[in-house]
Amino acid sequence: YRSSAAMASPILKWKRVQNATGPSPRPRHGHRAVAIKDLMVVFGGGNEGIVDELHVYNTATNQWFVPPVKGDIPPGCAAFGFVVDGTRILVFGGMVEYGKYSNDLYELQASRWEWKKLKPKPPRNGPQPCPRLGHSFTLIGNKVFLFGGLANDSEDPKNNIPRYLNDLYTLEIRPNSNTMQWDIPSCYGQAPPPRESHSATACTDKDGSNPRLIIYGGMSGCRLADLW
């Protein structure tokens, strides 16, 4: 006997994709990917160093391609923030070389594969986000929520002094990227303890109301299993 709920749940099938054509990416980790319609856009990551490659997989044709990018092409990075809004992709921070982290913000306009370095104004009530990796960067409505990550408090990248972060910034995505400004929202309640490599997911009620940011786990010297 199976309950109606069990009957209704779909049986999911995994399948390895092995016959894709085109230049497929090298092995890597710490990269990020987003979807634009039937395209998967993959950027960066680590492979014996940090890669700056942009690969696109077309799910409809089962093809990889490397678009001809132009503009302010960012350096390779890993464990960065990556969000998509329509055809605009934003890249924030990440590791650019061992022990050296970034707090740069780049935009990729995927309709013409053009990169642009953005310079949002610092918040009115504090400093701009410090260089970091392993943070979360989550789009809710027209705002990106930056939370946590790992900073290096040493000026010398070879002398790594890790500092785990639990700061929260928001960035409103505007049509004119010259007017963008970081914001440090006023918060109450106990904040999650500092961490990196956590997950952060945007959730709303069915009608789109009551938006929430759900943070789970991560690393802060030991692995975490808390939910916020």
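**Figure 1. Close-up of N152 and its polar contacts in the predicted model.** A polar atom of the N152 side chain lies 2.9 Å from the backbone nitrogen of I161, in a structure that is a predicted model. A further polar contact, of 3.5 Å, joins the side chain of N152 to that of N160. N152 belongs to strand β11. With a relative accessible area of 15%, N152 is buried, because buried residues are those under 20%. Beyond residues up to four places away in sequence, N152 touches G99, Y101, P157, N159, N160 and I161.

**Figure 2. The open sheet that contains strands β11 and β12.** Four strands make up this open sheet, arranged in the order β10-β11-β12-β13 with antiparallel pairing. Strand β11 (residues 143-152) pairs with β12 in the antiparallel sense over nine bridges. Within this pairing, L146 has Y169 of β12 as its bridge partner.

**Figure 3. Aromatic pairs around W182.** Ten aromatic pairs are found in a search of the whole structure. In one of them, the ring centres of F92 and W182 are 5.2 Å apart and the planes stand at 65 degrees, so the pair is edge-to-face. This pair links distant parts of the chain, as F92 is in strand β7 (residues 88-97) and W182 is in strand β13 (residues 182-183), 90 residues apart. F92 is buried, with a relative accessible area of 0%, and W182 is likewise buried, at 3%. W182 also pairs with Y169: their ring centres are 5.9 Å apart and their planes are at 75 degrees, so this pair too is edge-to-face. Since Y169 lies in strand β12 (residues 162-172) and W182 in strand β13, the pair ties together parts that are 13 residues apart in sequence. Both Y169 and W182 are buried.

**Figure 4. Surroundings of Y164.** Y164 has its place in strand β12. Its relative accessibility is 27%, and Y164 therefore counts as partly exposed. A polar atom of the Y164 side chain lies 3.3 Å from the backbone nitrogen of G221. The C-alpha atoms of Y164 and M219 are separated by 8.6 Å, although the two residues are 55 residues apart along the chain. Leaving aside neighbours within four places in sequence, the contacts of Y164 are G149, L150, P194, R195, E196, M219, S220 and G221.

Figure 5. The largest nonpolar core has 17 residues, and V41, F43 and V91 have the most contacts inside it. At least two residues of this core come from each of β1 (32-36), β2 (39-43), β3 (54-58), β7 and β8 (100-109). The greatest contribution, three residues, is made by β2. Not counting residues up to four places away in sequence, F43 touches H31, R32, D52, E53, L54, P74, P75, C77, F80, F82, V91 and W115. A second, separate core has 13 residues, including L105, F137, V144 and L146. In soluble globular proteins, nonpolar side chains tend to be buried together. Ring pairs also link F43 with F80, F82, Y106 and W115 into a cluster. Over the ring of F80 sits the charged end of R32, 5.9 Å from the ring centre.

**Figure 6. Two loop residues with positive phi.** Most residues other than glycine have a negative phi. W113, which is not a glycine, has a positive phi of about 50 degrees. W113 lies in the loop between β8 and β9 (114-118), and at 13% relative accessibility W113 counts as buried. N210 is also a residue other than glycine with a positive phi, near 55 degrees. The loop between β14 (199-203) and β15 (212-219) contains N210. N210 is partly exposed, with a relative accessible area of 42%.

Technical notes
Residues numbered from 1 in each chain as written. Predicted model: local features only at pLDDT ≥ 70, side-chain atom pairs only at ≥ 80, totals over all residues. Heavy atoms only, no water. Phe/Tyr/Trp six-rings, centres within 6.5 Å; stacked < 30°, edge-to-face > 60°. Buried < 20%, exposed > 50% of the residue type's maximum accessible area, 1.4 Å probe, protein only. Lys NZ or Arg CZ within 6 Å of the ring centre and 35° of its normal. Contact = heavy atoms within 4.5 Å. Polar contact = N/O pair within 3.5 Å; in protein donor to acceptor, adjacent residues only side chain to side chain. Pairing = 2+ DSSP bridges. Core = buried A, V, L, I, M, F, W, Y, C linked by side-chain atoms within 4.5 Å.
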